[in-house]
Structures are given as structure tokens and as C-alpha cells.
Amino acid sequence: MSELITPELVTLDQDLGGTRETVIRHLAEKVVAAGRATTLEELFADAMARENKTATGVPGGIAIPHCRSAAVTQASLAMARLKPPVDWGAKDGPADIVFFIAAPEGADQEHLQLLAKLARSLIKKDFTASLRSAETPQAIVELVDGALGLGPLPETGQSGTAAASASDSAPAGAGSGTSGATAAGAAAGAAGAAAAGAGGAHRGAHAESAGSEGPAGQRSGGERAGEVHDGGGTATSGEAPASATGTAPGRLVAVTACPTGIAHTYMAADSLAAAAAERGIDLQVETQGSAGSTPLDPEVIRNADAVIFAVDVDVRDKGRFAGKPVVSGPVKRGIDEPGVMIDEALAAAKDPNARKVTGGGTGGEERGSAGGESFGGQLKRALLTGVSYMIPFVAGGGLLIALGFLLGGYELSLSNDEGVANGDILLDGTSIFSLPPDGLLAYLGAVFWKIGNISLGFLVPALAGYIAYALADRPGIAPGFTAGAVALYMDAGFLGGIAGGLLAGYVAMWVGGWKVPSWLRGLMPVVIIPLIASLIASGLLLLVLGGPIAALTLALNDWLSGLTGVAAIGLGVILGLMMGADLGGPINKVAYAFAVAGLGEGAFDNQAPWQIMAAVMAAGMVPPLGMALATVLDKTQFSMALRENGKAAWVLGAAFISEGAIPFAASDPLRVIPSTMIGGAVAGGICMAAGVTSQAPHGGIFVFFAIGNFFMFVVAILAGMVASALVLVGLKRLTGSKKAEEPVVA
């Protein structure tokens, strides 16, 4: 096993500036200087991107900034003991102990487990006390290695708190957590640790009281505070708190998860386990982190009185917890307020009106609980979910229609004397063995055209169905699809689909929260919820909302169809600016969703939706292509890692993957983002001015057959790419950008 931390990565008792940024930069510099990462700016940018999602300060004066980064070549820990401390977002004050966890993008499970174990150790007071009293970087390294089971525990007096350090530094695989152990229990634990030897101490003072990690990778808080484990791992009863005697007041299960899955996931698990142990509660926690996750035993879930979700991401397979009272909040709340969440879960278990996880998986019924998702965040998530599930229907349908036109000609969509599209007539009474007069290509073109049109017919129902799914889980799918079909019937378009999906989802959520007899619960997700939600949502569309929304849709289509000249160019510029603003983020997604949602309304007598799609696609291709060109125009302004990213960005840009520019934006957002916005605006404006169309929602240059006026499409992309590259290089030179650290080899 390679070393995670060395004395060169430790900084003691220094003033590293008054902000998180200066401290993280200093620690990132340490990692790069030690040869464990290739590029300072990329590592720093990745660490700050994670920090900006959620502050990594935790109670006890600790901060654990962490990230995964392509710049990291070896999993590393860098530590700083700050004088003075720095505010890191924790409720109890600034942090004086900072551990920076830098993991490679493809870190192996063994390293990830060790990093997670360190995070767990940092919530233990005796371990952090040892860190504060250590006199040398080598002493810090020995403390950390001992906690991780990578080396012998420090000798007495080495850190100034030998007994506490020894008892807390469990070997690999031992449990972790904190507890309210009594003084007698602490003394017994210290004695037990000394008798067992440095390598065999099992928690000592805290003695697994906050939980243990079993082979399934789960945390249990059922062991009583003060319990001591000897060197062989045998449990012997210590002094238990009064709350732990007699019948346990409740049984809980919990899930913890954070976006990176390295630190907060496991710290929240241990904090919850500790709070449960202090209350004598049987708690088992499933950690859905990078170090691997094993689901809770279904029997444990069935026997639980309530569930706690301390998560910043969706819980995997949430349907396992259907019907359980639930308390939900961010993962950091599980660290900062574990006791409050435990108490809320116990109260919810006794409250017949408490929120519950509905049958089906990832419902939003618990989102409204304390510390949960806001209404605005819930709404945005639902809309983006609907669009993401709708895109395959649009992509498949649009590309099939384009292929149909390529093979059978544009006459397929034109009506004949009987008012029926030629594509339908070609299919009438013909087969592969009885071809129409126009031959095989025309027949296949008609087949592709028809399948594509049928696929596009699902656009609005799929949009509505999966908006409802995002809100109410599987019980919302049927009412959502029904409301979408009604919106289609009412000619309300994608606006009607959005309205119908939201109505169906919220009604399904409401009905799912009803208290019903146990014999009726099984019918709720498959009969009662779909019936009532379909009736209310679709009924409102048919009787009240459908007509006005249809009129609004018609007005919007007429406005888009009538855009010419400056107005059309202006719309293209705005869409281009949005596509370049955050490279796959919310602003980019809004512009893309607007284009995709209207794509199904396009036709040869109404090409405005196709033109909007072309402008959005061209503008979205520009950022990575512009960055790639910039690395060619002036290599000295970019590090080796970014120049390598630039090579990949050529292909990513050509395929309409805007995220190919993210490494550049992360390392230098103040100059990259303006350049990508300008390039996107140029491309979008040219596309709209030239009337370029796209019947495909994705694919970039590779769906050339679905692009109308392909030459000008390419011209627009090239113009935007050049503009973006020149602006970026100019800004870097004008503002004196730092040159790449390594020499450029010609």
C-alpha cells in the first residue's frame, strides 16, 4: 500500500490566510509539490467546485475539503493545523484542523475505504485532541497511519495524549463513531487497550459504542455506550446509560450519501450512530458512498419504525423503504444535528400523520421535511427529469424522420389529394414483398418516416409522465402519461404536457400521503393513486386548463414562425449565450429543454422549432471546440493537462457535448465563460439568420443528414469556435495569465 500522507504534506501552526480558498490552495500546492498531482490549478478548481456545493466544515473545529480530480495521480492526504482558525461553515465556529483529501478519478476501493475511515476518525474527540497536541509532522503521520490501520499506534507520550490516541486508533476494519461513554467506561477502555496491545485495541474509551462496521458495510448504533472490546474483539459490558436499559425505545434505519462519496457520507453515518447509541436506539445505517455500498437487510428495514435520509443525492432503490415514516435532510445535517434527526425520526414513528416513503422508489413525498428540498428545487428537478426521459423519444423519432426524408424525399410529409400524407399512402397495401412503384428506397423512407412520427407522438405524454414520476414515483407515471395524452388531444403541446405532469405528480403525492387501513395499502400505488390522480389532473386539463394552454401554444408557435430578420437573430444570440453560460448546467439545460420540447411542433410549413434546435445545437458545440482551438493557438497559456483535454474536446464538441469545456472553465472561469458565451452567441445568431434547421435534438456533426442548410451550420460553428478561442487567448494575454508550469516541447 502506498503512503497516503507523509510529513511533507503536513503544515503545523501556520497562518495560511483567512479564507478557505487560501488554505485549500496551500494544501493543493503541497500535493502537487510531492508529485502526487499534475496540475495545481485543476486540482484547486476541482476542490473548490466540491467546496462550493456544500461547505465541508464539521463540528469540533474540523474541515475536510475533498475532491476527485483527473489531476491527482496518487490518493493523498494533506493536513494543516491553522493559527488562526478559518471559518469553514460549521455551526460551532471556525476550523483549526484541515484535512485535504485528494483522490484520483479512478481511485481503487482500498484507497477509498481508507479515506472514508479517516473521515470517520475525525469526528472522535480523542483523535482530534491528539492531532492538536502533536508536535511534529511525523507525529501527525503516525497518528493518521494508526487510525487507518496502516502502521503501529504511537507510543505513550508521543502525541501528548497517548491513551486517548491508542484507544481511538482502531485497526482497519474496526468500527468508528463517538459516544457518551462514562468516565468508568473510558478508564476501562484505556486499560483494555493497553492490555491488548497497540494493534489490537478496539475503540477503548469509545469502544464501538457508536456502532460497528459489519461485513455488509453498514453502521449499527445498537451497542451500548461504555461497552468495551478487548484485543480479540470480544464484547464485554461496561456501564450503560439509563436510556439503554430495559426495552429499546425504537428501531431506526438510515441512508447517508453525498455527491463525492468520500467523507461526509461516512461521517454522517457515524454521527447518527453515535446519537443513536447515546439514546439506546437500535440504528443501522447504509452508506451509499465511493467505498462501496451493501444494501440493508430487508428484514431490518421491515422491522424499523422509521427511516432517516441524510443525503445530497437520490437514494438508491428508495422503494425498499415504502410505507416507513421518514425524516430527510442534507448529509451535513446528519453530521451537525444527528440527535435532532434521531428525535424527529422517533417522533415520526409515533405520528400517524408523519410523511412516509410511498411505494415505488424515489418519490418526493419526504422532500418537504425539515432540511429537505425546496419547492423551487423540487420543481426544477421534476422538469429536468421529464425532459431527460423525453429526449430519447425525440432523438429516435427525429433521426428516423430525417433518415426517411433522406431515402424517400421530402414529399413523404406532403398531403395528396385525399389529404393523407404520402408516407402513409406508401405504407397502405404494400410490403417488402410488394413494393410501391417508387421502389425500395422510397418504401424504406416511408417506413422510417412513419416510425419516427409515431415516436414523436410520445413526446408530450412522456414529458408529462416523467415529470409526475419525478414528483410521486411510479404511482405518478400512469396519471402523468394520461394527462400528457389529454394535452396532446387538446392541442396544448408541450406546455400542456408540463402542466399535466405537474398536476398529476402533485395530486399523486397528495393521495399517496393519505392515511388508509392496512388492507388498502397494497391497492394505493397500483389502483387508488393512478385513478384519482388521472381523474383530477386530466379532468382539469379537459374542463378548465386545456383550452387556454392550447391558445397560448398556438400564439407561441405563431410568434416563433413569424420571427424574421433581427428578431430571429436576437433569439439565436440569446439561446447561444445561454448554451455557453454554464456548460451543461441549469442555464444551458433551460435553453436546450426549450428547443427539444418544441421540436415535435416542427413541420415544413412551420420550421421555426427546427431552426431553434439548430441554433441551440450549434451554440452548444462551440465551447469545447473553442477551447480545443485555443490550446492550439497559444499552448503556453495552458497546462499540459488542459492541452490533453483540448485534444479530447475536438471530438466532444463535434458530438455536441458541451461538458467537454468544463475542465477549462473550472480552472479559469472568469475568462473561459465569457469566451464560450460570445462564441455561442455568434453561432446561434448565424444559424437563425441563415435559417438552418435540425430535426435531431442531439448528435452534432454526426447527424448531418438531419440538418437543413448544412453548409451554413458548419459556418456558424466555425465562426463561433474562432470567436471563442480568440477571446479566451486575448483575455489570458491581456490579464497576464500564469504560464503553464511545465515547458512546452515543440
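Predicted model: local features only at pLDDT ≥ 70, side-chain atom pairs only at ≥ 80, totals over all residues.
Let's start with the whole thing. The protein chain has 26 helices and 15 strands, and 54% of its 746 residues are buried. If you take contacts between residues at least 6 apart in sequence, 73% of them join residues at least 24 apart.

Now back to the helix pair. Two packed helices are described by the angle between their axes and the distance between the axes. Here, helix α12 spans residues 375–408 and helix α17 covers residues 493–512; their axes come within 11 Å and cross at roughly 120 degrees. Angles from 65 to 115 degrees would count as roughly perpendicular and those over 145 as roughly antiparallel, so α12 and α17 come out as oblique to each other. Their crossing is right-handed.

What does the contact consist of? On the α12 side there are Phe375, Gln378, Leu379 and Leu383, and they meet Ile498, Leu502, Tyr506 and Met509 of α17. Sorted by type, that gives seven nonpolar residues, one polar and no charged.

Stay on α17 for a moment and pick out phenylalanine 494, which sits in that helix. Its relative accessible area is 10%, so phenylalanine 494 counts as buried. Leaving aside residues up to four places away in sequence, it touches Val460, Leu463, Leu556, Ala597, Gly598 and Glu601. Take leucine 463: it is 31 residues from phenylalanine 494 in sequence, yet their C-alpha atoms are 7.7 Å apart in space.

Conventions. Residues numbered from 1 in each chain as written. Heavy atoms only, no water. Axes fitted to C-alpha atoms, helices over the stretch in contact; angles between N-to-C directions. Helix = DSSP H or I, 4+ residues; strand = E, 2+ residues; numbered from the N terminus. Parallel < 35°, antiparallel > 145°, perpendicular 65-115°, else oblique. Left-handed = near helix turned anticlockwise from the far one by under 90°. Contact = heavy atoms within 4.5 Å. Nonpolar A, V, L, I, M, F, W, Y, C, P; charged D, E, K, R; others polar. Buried < 20%, exposed > 50% of the residue type's maximum accessible area, 1.4 Å probe, protein only.
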